[in-house]
Amino acid sequence: MLAIAQQAPVPTRVRGAVESVDAETMTVKARSGEIFKLRMAGDLRVSGVVKADLADIKPGSFIGATTVPGPDGAPKAVEIHIFPEEMRGTGEGSRSWDLKPNSSMTNATVSESSVSTDGHTLLVKYKGGEKRIDIAPETPIVTFVPGDKSELKGIQYSRQTISS
């Protein structure tokens with residue numbers, strides 16, 4: 001008997017602008033100028049983002065925080081995404097991110113929220129860890145709303161895809 005191990009597909013991040021959309025394909029022009037043709041599943045769900053407020057983040061909220069190290073090394077939020085309940089658990093954890101140099105993404109549940117003279121701090125917890133995140137008053141905060149495939153053309157696109 002011969003067993004051949006097959007290597008798992010390697011995730012590839014695509015960040016760019018949507019050039020065109022048809023019934024089955026989305027064409028994305030990456031920052032590098034490279035063109036990607038992505039096949040869209042028939043059950044593709046599209047979400048848009050709308051402005052939200054810090055007051056919308058409460059203990060128990062599931063958020064995504066893009067951070068960079070501040071002058072003191074503590075994570076400083078450069079953007080916060082508040083996930084709707086049906087997206088709870090999406091990408092849970094903390095990992096490096098490609099928004100800015102040295103940025104990371106942490107998707108986690110807010111366990112504590114506190115205010116100081118320097119701004120707002122959240123303690124978030126995820127499987128295997130926790131992180132304190134400082135939020136300045138000017139940090140963009142958004143939440144997700146239902147969207148439609150027809151709204152994709154011309155938007156900025158960022159998605160981790162699986163290439164085999």
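Asn-102 sits in the loop between β7 (93-96) and β8, where strands are DSSP E runs of at least two residues and helices are H or I runs of at least four, both numbered from the N terminus. Asn-102 has a positive phi of about 65° even though it isn't a glycine. With a relative accessible area of 66%, Asn-102 is exposed (exposed is over 50%, buried under 20%, partly exposed in between, with a 1.4 Å probe and protein chains only).

A word on where this comes from: this is a predicted model, in which local features need pLDDT of at least 70 and side-chain atom pairs count only at pLDDT 80 or more, while totals for chains, interfaces and linings use all residues. Residues are numbered from 1 along each chain as its sequence is written, and side-chain values use heavy atoms, with hydrogens and water left out.

**Overall layout**
- The protein chain has twelve strands and zero helices.
- Buried residues account for 35% of the 164 residues in the chain.
- Take contacts (heavy atoms within 4.5 Å) between residues at least 6 apart in sequence: 57% of them join residues at least 24 apart.

**Strand pairing**
- β4 (residues 47-51) and β11 (residues 141-146) run antiparallel and are joined by five bridges; two strands pair if DSSP finds at least two bridges between them.
- Within that pairing, Val-49 has Phe-144 of β11 as its bridge partner.
- β11 also pairs with β6, in the parallel sense, over three bridges.
- For Ile-80, the bridge partner in β11 is Ile-141.

**Nonpolar cores**
- The largest nonpolar core has 15 residues, and Ile-57, Ile-63, Ile-80, Leu-122 and Val-124 have the most contacts inside it. Such a core is a set of buried Ala, Val, Leu, Ile, Met, Phe, Trp, Tyr and Cys residues joined through side-chain atoms within 4.5 Å.
- Two or more residues of this core come from each of β5 (62-69), β6 (75-82), β8 (104-116), β9 (119-126) and β10 (129-135).
- There's also a second, separate core of eight residues, with Val-14, Val-28, Leu-38 and Met-40 among them.
- Setting aside neighbours within four places in sequence, Val-124 touches a list of residues including Ile-63, Ala-108, Val-110 and Ile-133.

**Thr-66, a buried threonine**
- Thr-66 lies in strand β5 and counts as buried because its relative accessibility is 0%.
- Beyond neighbours within four places in sequence, its contacts include Lys-76, Val-78, Trp-97, Leu-99 and Met-105.

**The second largest pocket**
- This pocket holds about 150 Å³ of space. The volume is the space filled by probe spheres set on grid points, which are joined across faces, edges and corners.
- On a 1 Å grid over the protein atoms alone, a pocket is an open set of points where a 1.4 Å probe fits, with protein on both sides within 12 Å along at least five of seven lines; lining residues have an atom within 4 Å of a point.
- Lys-76, Ser-116, His-120, Asp-134 and Thr-139 are among the lining residues.
- β9 gives the largest share of the lining, three residues.
- The lining splits into three nonpolar, five polar and three charged residues (Ala, Val, Leu, Ile, Met, Phe, Trp, Tyr, Cys and Pro count as nonpolar, Asp, Glu, Lys and Arg as charged, and the others, Gly among them, as polar).
- Thr-139 is in the loop between β10 and β11 and is buried, at 9% relative accessible area.
- Leaving out neighbours within four places in sequence, Thr-139 contacts Ala-77, Val-78, Glu-79 and Ile-80.
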